[in-house]
Amino acid sequence: MDILQTRMAPEDVAHILAGAGALAEVRPNPPEAVAEGGAAAWVEPQDEAQVADVLRVCAERRWTVIPVGAGTQLGAGHVGPAPDVWLSLSRMNRLLDHAPGDLVVTVQPGLTLAALQAHLADARQMLPLDPPVDDTATLGGILATGVSGPRRALYGTLRDMTIALRVVYPDGRVIKTGAKVVKNVAGYDMTKLFVGSCGTLAVITEATFKLRPLPLHRETVFLTGDLGQIQALRRRIVGSNLIPSRLEILGGAFRAPLVPSPGAWTLAVDCDENRASAEAQTRQLLAWAKELSLQTEVAAGEAADAAWAQYRDEIREGELCLRFQAKPSALAELAERLQRFAGSRGWVSRVSAGAISGVGRWSVSGGDAPGYAQAIREGRALCAEQGGALVVERAAAEVRTLVNPFGASPAHPLMEQVKRTIDPNGVLSPGRFVGGI
Amino acid sequence: MNDAELARALTGILGERRVLWKPNQLHAYACDGYTARQGLPRAVVFPETTEEVAAVVKLLHDHDIPFLPRGAGTGLSGGAIPLHREVIISLVRMNKLLSVDFENLRAVVQPGLVNLTLTKRITHQGFYYAPDPSSQSVCTIGGNLAENAGGSHCLKYGVTTNHIVAAKIVLPDGTVTELGTPYGDAPGYDLLGLVVGSEGTLGIATEITVRILKKPEGVKTALAMFDRVADASDTVSGIIGAGIIPAAIEMMDQLAMQAVDKSNYHVGYPTDIEAVLLIEVDGLAAGVDEVMDRVVEICRRHHVRTVKVAQSEAERALWWSSRKMAFGATGRISPDYIVQDGVIPRTRLTEVLQRIAEISRESGLRIANVFHAGDGNLHPLICYDSRIPGETEKAIAVGSAVLKVCADVGGTITGEHGVGIEKLEEMRFMFSDDDLAAQLEIRSVFNPKDLCNPGKLIPQPSRCAEVKNARHIIEDNWQIFGTFPEHARVLGPAHANDRRGPSATGTGPKDGAAPDPELVGAAAPASDLGPAPAVRAEVATGAAPSVAGTAPGGAAGAAAGRDAGGFEGDLGAQG
């Protein structure tokens, strides 16, 4: 019956939501790539109470809602119909509390990761997360997608760093999860449920993260050769006592120092230990490089940070960005086959494969939607051979209508039940997530 | 299904040797490392495969019979105590290391594998499994998963949830499912993250994929003694503030030092210092000396009386044994004690310790403090004598009051021991009715009939009985709660005839079966209706309950029950 209801005009939706106290207007076009076109109400609540009011009104009227931060990661997930309401968290962008002595920070979802890192750096701390997102990306959006970067090799992912949340359920209930201390086992670990849930369960209104000190010293070694040499080196590193904070196999169109010459492969090894340790690690790597006849370059301090900033920029250049995962020992070969696939089509392609995490990224440009859909299918088949998977992190809507961005398998029945339990009317981000949840 | 029929059905699945159901066989399973309450299971079964676990669970599910999983029984919050005549599914015979992949840093284990055994089995290649609860020589990885166990080294390396990447789970209806992924991010909601730490209420893990780590090349350990607690806690903040994340920072106060020095691990702590810190740094050999130099310098800046760096592995091992012995050793200074497990923001340490000292003074009960200072995880050991009428109840109230302090400064009521039945009421210090209802809704997704470890972890929303209990604790112990009256208010009139203990409010069994009075009687002196005297801590040499690998019906759990957990003097602590 609900399906047959006539859609209310966006102007009327906005008008009603403005009554809830939130800033509301009509925007003619939804953010690029997320949904089928059409005007929709755009709401910008100023606080959690307004988020709850807006959601309550939407739930009563069965209006669909997509929560959105800066909109930088809306190229992930299934494409669906335009929602009735875009719920922007951009005005809830404050850093609420930073307790340096406790290595804990609490933020609102609209705060950008870049702004948070800048603030933390003043206290010589960081959130040890380096996803390839641009500077406008918000923590709310990053939490929703659960996106990660090469630093996960040492520090893990957002599921390891996020210790407490406040979320608003679709019925307007405000739920607190976790605690603002680094260790807590009181009750279910509900925080985990919302990290990476793609805005399909609840709207995050506050998040607390564990922090790490900024490394006392920064040093990255780039070791370049052919894939066989890189594999041999990777095995030595993983079997050693070295402590790489990033360990990425890089190939394709990356510029120097990441990949100094076309066709070459680089192993980028980062160290976040103190100076004496980092220098010892570098010495060991250089010695192995000599034995294995690899070219080397060492970047320290700001040069190391600049190289990784360049890495993120280059990954973002691709029109299509895919995340693939498999056992680390299989990842180099996977990367090579993906690179070959792109090469044979004349695409600009960059592959980055986490040699400890088993998570890689394939970023390409120069193809068309059917070609990209084919790349996703073939890449997925290659990963499946290794027991792995491939997921679309960013693609044009057209690509995501041609091929399932998550893979063919249906959502786990428990996931569907979780969704039905928390959002029984399917109000939040309907159809966008795994299995069309 | 009556008991005989159930026994026949279980025997049909597992054979006679792997089913215990006669009353005299069940006493060993009346409690776990939390001994204040006990109950007899309806049966205890010992499956050896996922299929057997699934078949047993399906049988019980189909007949609406409650059940609970159990590892080594070292849990400290009562998560494995059968209060509704559950069938206990003991995983101790599923103790295999199924596979190790050193190159890809993963191991696959069965749930009954003992934590330390995994490390021992991979140490020849220089690898280890990081989470290290104090009970690691007996506790199982399945139990660690259920409790999201911590340990001394989780400041740097994280807790169990950070090290479990995938698991095969038998759901409460007997279906088998795989959650998580060995590498990368599992698509969809993080259901594995929910199951870890769910205290056996969402399903039973039968195959667990864990991360393994390369052992650090260099380790340095220092022992620093402080005249004043405030200086010790400032040192902790100073180290963190200097950009150093030590592998561990442990603290003990004077009373705890006195206890451990009476144990077999005599360090010889001065009797006039207030606090000792055990600080460990690790990393590349080339860098640890420099880091330890900084640590020593920071200790000196905060008026350390003496600080020494371990000169040998033997010295380091002695210091660690002394620390890990602290719970058990408390038995040398007090006939009974309760271990609490609050976590606070570490910058509030001095203030919270003062409040704990006030609570101790007001109540007249001594409190020894042992804690993971680096992550603010306190283990106050509340000393009491159960032979003195009313003192057990007072000790329980003191524990609750300490947790209230932790919650009020923005911390949590449990960092690693779990809620179980022990801290059900204290959950309300942290969570609103809405928060708790949200958690119960999630339980219903996995466990709709609430047969899988019922009554644990989450209190039922605003049940009158529990409100009454909270009120009684406060009214009976106003002199303790009086130290922070603003938090002690409970609305409504008192019900003077309700004298139940704080945790005596579990939900009834779903199949409506009342506990068999004869069986309950056999578990004397404990009963379902009140806190029993805590374990006599001087029982320090018995084998741990149901140590993995022992045969059912024989030695398995023979030392459990009233003498639970006294392994090497350590009460199966997770801390």
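Which residues does Thr106(A) touch, not counting residues up to four places away in sequence? They are Leu95(A), Leu96(A), Asp97(A), Lys180(A), Glu206(A), Ala207(A) and Thr208(A). Contact means heavy atoms within 4.5 Å.

This is a predicted model, in which local features need pLDDT of at least 70 and side-chain atom pairs count only at pLDDT 80 or more, while totals for chains, interfaces and linings use all residues. Residues are numbered from 1 along each chain as its sequence is written, chains are lettered from A and ligands numbered from 1 in the order written, and side-chain values use heavy atoms, with hydrogens and water left out.

Thr106(A) sits in strand S6 (residues 104–107) of chain A. Its relative accessibility is 2%, so Thr106(A) counts as buried. Buried means under 20% relative accessible area, exposed over 50%, and partly exposed in between (1.4 Å probe, protein chains only). Strands (E, at least two residues) and helices (H or I, at least four) are DSSP runs, numbered from the N terminus.

Now take helix H9 of chain A, residues 275–292. H9(A) has 18 residues and spans 25 Å from first C-alpha to last, close to the 26 Å expected at 1.5 Å a residue. That expected span is 1.5 Å times one less than the number of residues. Buried residues of H9(A) include Leu285(A), Trp288(A), Ala289(A) and Leu292(A). Their cover includes strands S12 (219–225), S13 (244–252), S14 (265–271) and S15 (295–300) and helix H8 (227–238) of chain A, together with helix H10 (285–301) of chain B. After H9(A) comes Ser293(A), with a positive phi near 60°.

Two packed helices are described by the angle between their axes and the distance between the axes. Axes are lines fitted to C-alpha atoms, for helices over the stretch in contact, and angles run from 0 to 180 degrees between N-to-C directions. The axes of H9(A) and H10(B) come within 7 Å and cross at roughly 175°. The pair is therefore roughly antiparallel; angles over 145 degrees count as such, under 35 as roughly parallel, 65 to 115 as roughly perpendicular and the rest as oblique. Ala276(A), Ser277(A) and Ala280(A) of H9(A) meet Ala286(B), Gly287(B) and Glu290(B) of H10(B).

A second pair lies within chain A. Helices H11 (residues 328–344) and H12 (residues 369–385) of chain A pack at about 160°, with axes 11 Å apart. H11(A) and H12(A) are therefore also roughly antiparallel. From H11(A), Leu334(A), Arg337(A), Leu338(A) and Phe341(A) take part; their partners in H12(A) include Ala375(A), Glu378(A) and Leu382(A).
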